[in-house]
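Please open the model in your viewer and keep the selection panel at hand.

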Amino acid sequence: MVPALAACEGPLSTLSPQGPAAADIASLWWAMLAGAALITCLVLALVWRAFVRAPGKAPTEVLGEAFWIKGMGLGFSFTVLFAVVGAGIWTGERHLPRPGTEAMRVEATARQWAWRFRQPGPDGTMVETEGRLHIPAGQPVDVVIRSQDVIHSFWVPQLAGKMDALPGRDTLLRIEAFRPGLYQGRSAEFSGTGYAGMVFEVLAYDPASPPDFTSTDGRGAE
């Protein structure tokens, strides 16, 4: 039941990715689940073998101590762990913003308890919006994340991973949407009594027909 619930689709589901970074994160999640399942099966096999062994006979005598302790207990487990950790590092490095790469830059400023965004408008001038970030679909966008007070965290589960908003420091997160749509965002860091209402949206629009950035009613590409 729990795995079935975890796989449910929804606006905040990390297993329903709508961008390249989120897709890699979802694949990593499945790889970690598979690795954990393999190690769990090994442990359960050892427990089962301990209960069904002949009286006075050690479980390692069945296939040999080297096989169970060195081959399975150490070799197999460390192989799985190294593979999962390596995949996690590779996934994180792959989506870091690189100097010299072409990407639109926008700004996200957090405060208790709201988000303010600055992004280029249709004519290239910077437009400020509250609670909704506008990005072109199919293009990488670097989000400069800031905080005016305490620590917050910028998170759009269907587009990318989390990134903290730290007072006095800029952090950078690259996001991208495969197609036009409206994606839900949250602050992933508890920041006080108004935290539950600290939500925002990311509107990915068709670059050929950008919406009215100053309106929160016209959803354009939604």
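Helices (H or I, at least four residues) and strands (E, at least two) are DSSP runs, numbered from the N terminus. This is a predicted model, in which local features need pLDDT of at least 70 and side-chain atom pairs count only at pLDDT 80 or more, whereas totals for chains, interfaces and linings use all residues. Residues are numbered from 1 along each chain as its sequence is written, and side-chain values use heavy atoms, with hydrogens and water left out.

Staying on helix 2, colour its buried residues, among them Ala21, Leu28 and Leu42 (buried means under 20% relative accessible area, exposed over 50%, partly exposed in between, with a 1.4 Å probe and protein chains only).

Next select Trp115 and Phe200, an aromatic pair that is tilted, with 5.3 Å centre to centre and 55° between the planes. Rings of Phe, Tyr and Trp (its six-membered ring) pair if their centres lie within 6.5 Å, and planes under 30 degrees apart count as stacked, over 60 as edge-to-face and the rest as tilted. Trp115 lies in strand 2 and Phe200 in strand 10, so the pair ties together parts that are 85 residues apart in sequence.

Phe154 counts as buried at 0% relative accessibility.
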